[in-house]
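I opened this entry to record what I looked up, one item at a time. The notes follow the order in which I went through the chain.

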Amino acid sequence: MEHGSFTDNSAATFSLTEEDHTLANAVRFTLNQDPRVTFCGYSIPHPSNARVNIRVQTTGDPAREVLKDACQDLMLMCRHVRSSFDKAVEDFKASNAVKAMKIDSQDSDLEESE
């Protein structure tokens with residue numbers, strides 16, 4: 001839900017349900033990277049409600065579009081982190097598989113020599 005002025009769309013507060021600090025802080029960080037943003041922050045009205053209010057003020061661009069762009073940037077960052085993590089896991093498994101094979105072959109060499 002968006003709360004804002006009908007005359008000035010460069011400032012608005014967005015209320016996101018079923019969200020908490022995890023998403024709100026990531027969105028706030030991404031918004032702060034955008035040079036169009038003059039202010040952004042978030043609040044959680046009450047700890048027992050799963051709701052976050054994100055306030056965005058811009059240099060003149062519509063706050064809704066700036067928030068949308070920030071969410072898309074955040075999704076790209078998450079995809080990059082995920083792909084980097086998956087690659088690191090594959091590399092780790094591949095290097096450990098080679099080490100395990102060398103250990104097994106060394107063990108069998110020792111058994112044959114005994």
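**Entry 1: the whole chain**

I began with burial: buried residues make up 21% of the 114 residues in the protein chain. I keep in mind that this is a predicted model. I then listed the elements and found 2 helices and 4 strands. Along the sequence they follow the pattern β-β-α-β-β-α. I also looked up the contacts with a separation of 6 or more, and 56% of them are between residues 24 or more positions apart.

**Entry 2: the core**

Next I looked for the largest nonpolar core, which has 15 residues. Phe14, Val27, Leu31, Ile54 and Val56 have the most contacts inside this core. Which elements supply at least two residues each? I noted strand S2 (11-17), helix H1 (21-32), strand S3 (37-43), strand S4 (51-58) and helix H2 (63-113). H2 gives the most, with 5 residues.

Leaving out residues up to four places away in sequence, Val56 touches Ser10, Ala11, Ala12, Phe14, Leu31, Phe39 and Ala63. Two of the core residues listed above, Phe14 and Leu31, are among these partners.

**Entry 3: S2 and S4**

I turned to S2 and found that 5 of its 7 residues are buried, so I wrote it down as mostly covered. S2 and S4 run antiparallel and are joined by 7 bridges.

Is Asn53 buried or exposed? Asn53 has 17% relative accessibility, and it counts as buried because the cut-off is under 20%.

**Entry 4: helix H1**

I checked the length of H1. It has 12 residues and reaches 16 Å from its first C-alpha to its last, close to the 16 Å expected at 1.5 Å a residue. In H1, I found Ala24, Val27, Thr30 and Leu31 buried. Seen down the axis of H1, the buried residues fall within an arc of 130°, so they line one face of the helix.

At the start of H1, I looked at Asp20. One of its side-chain oxygens reaches to within 3.1 Å of the backbone nitrogen of Thr22.

**Entry 5: two loops**

I then went to the loop between H1 and S3, where Asp34 lies. Asp34 is buried, with a relative accessible area of 14%. Its side chain is joined to that of Arg36 by a polar contact of 2.8 Å.

My last stop was Ile44, in the loop between S3 and S4. Ile44 is partly exposed, with a relative accessible area of 24%. How far apart are Ile44 and His21 in sequence and in space? I read 23 residues in sequence and 8.0 Å in space, C-alpha to C-alpha. Leaving aside neighbours within four places in sequence, Ile44 is in contact with Asp20, His21, Asn49, Arg51 and Val52. Asp20 is the residue I had noted at the start of H1.

Terms used. Residues numbered from 1 in each chain as written. Predicted model: local features only at pLDDT ≥ 70, side-chain atom pairs only at ≥ 80, totals over all residues. Heavy atoms only, no water. Core = buried A, V, L, I, M, F, W, Y, C linked by side-chain atoms within 4.5 Å. Buried < 20%, exposed > 50% of the residue type's maximum accessible area, 1.4 Å probe, protein only. Contact = heavy atoms within 4.5 Å. Pairing = 2+ DSSP bridges. Expected span 1.5 Å × (residues − 1). Arc of directions from axis to C-beta. Polar contact = N/O pair within 3.5 Å; in protein donor to acceptor, adjacent residues only side chain to side chain.
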